[in-house]
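Take a look first, then read on.

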Amino acid sequence: MHTVACIVQPGFAPFEFGLACEAFGLDRTDDGIPNFDFRIVTPDPGAVPANIGFSINIDDDLGFADEADLVVVTPIPRSSWDAVDRRVTDVIRRAVERGAWVLTVCSGAFAVAAAGVLDGRRATTHWRYAETMKRMYPEIDVDPDVLYVQSGRIITSAGTAAGLDACLHLLRLELGPEAANTIARRMVVPPMRDGGQAQFIARPLPEVASLSLAPITDWMIENLDLDLSVDLLASRAHMSPRTFARRFKADYGTTPAAWLGRQRILRAQHLLEKTDLGLEQVAADSGFGSASVLRQNFARALGLSPSAYRARFACTVDEAVAS
């Protein structure tokens, strides 16, 4: 991926537009990250108004989007959901036909839906707009409960920060985990949030600090090789298993098992990237128990085998020591 076109339309949302610029538009060559040819495009060049009282001047029309490796579609206002600019939908349709990546943030998914390329696919948008998308586009499998969805080379994401998660997911696929982690560190954000995490977490911060489950999750990460049943975790938290599972879902937006599975995948990725341990040892150290179970979970989570992942992303010994 070398070229990125970010489509901006009247009524755009500044934050979501800015995160696309942050993810793909900054010069990070000092950190060893290759530059993208990043351009902001719009159907009618000139002053394009945002949704909060100011405009930006955009010089490029949509022509560059027809050759870009990635087309980012920023949010569009509700007033244009049922009347998306035909020039934009044509560009999106052609991008999908030629195999380019297409990534949407928040209500940008409505522009891609209008292009017809999400029919028969799973997709997401901000949870507030999901029911509207279902009514407008019944052929799309709209999932309102996730941060982002990748379907082929189309990635749709929920509102605000979830768009950044989707960008980092794509950067990890294209540039590798080390580059994505470097970019995330520079942004001061988590390097990877699983797309399946819930959009809405019932209680983002515990009401009482002493009731935080952070000590339990820290202990889980330190002991991934153990059999971490809900009964064991609940006992450490001095709760019943039922109460613990409910509290965990409220605090983290997912089940203990799903959260634990993601941490084990991340540990296995780290070991495959940084060490030359055999697959059986990687499986044992990350809590999968055996290489066959590791392979099954890797295929389900990442779409490739541990060996293929290592071949693509492994650091040399010198690189691992330096990092």
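1. Strands (E, at least two residues) and helices (H or I, at least four) are DSSP runs, numbered from the N terminus. With that in hand, there is an open sheet of six strands, ordered β2-β1-β5-β6-β10-β9, with mixed pairing. β2 (37-41) and β9 (148-151) are the edge strands, each pairing on one side only.

2. Before going further, a caution: this is a predicted model, where local features need pLDDT of at least 70, side-chain atom pairs count only at pLDDT 80 or more, and totals for chains, interfaces and linings use all residues. Residues are numbered from 1 along each chain as its sequence is written, and side-chain values use heavy atoms, leaving out hydrogens and water.

3. Within the sheet, β5 (residues 70-73) and β6 (residues 101-104) pair in the parallel sense over four bridges. Leu70 has Trp101 as its bridge partner in β6.

4. Leu70 also turns up in the largest nonpolar core, which has 72 residues. Such a core is a set of buried (under 20% relative accessible area, 1.4 Å probe, protein chains only) Ala, Val, Leu, Ile, Met, Phe, Trp, Tyr and Cys residues joined through side-chain atoms within 4.5 Å. Leu70, Phe24 and Leu103 are among those with the most contacts inside this core. Helix α5 (residues 161-175) gives the most to the core, with seven residues.

5. What does Leu103 touch, leaving aside its neighbours within four places in sequence? Its contacts (heavy atoms within 4.5 Å) include Leu70, Val72, Ile155 and Leu170.

Methods: Buried means under 20% relative accessible area, exposed over 50%, partly exposed in between (1.4 Å probe, protein chains only). Two strands pair if DSSP finds at least two bridges between them.
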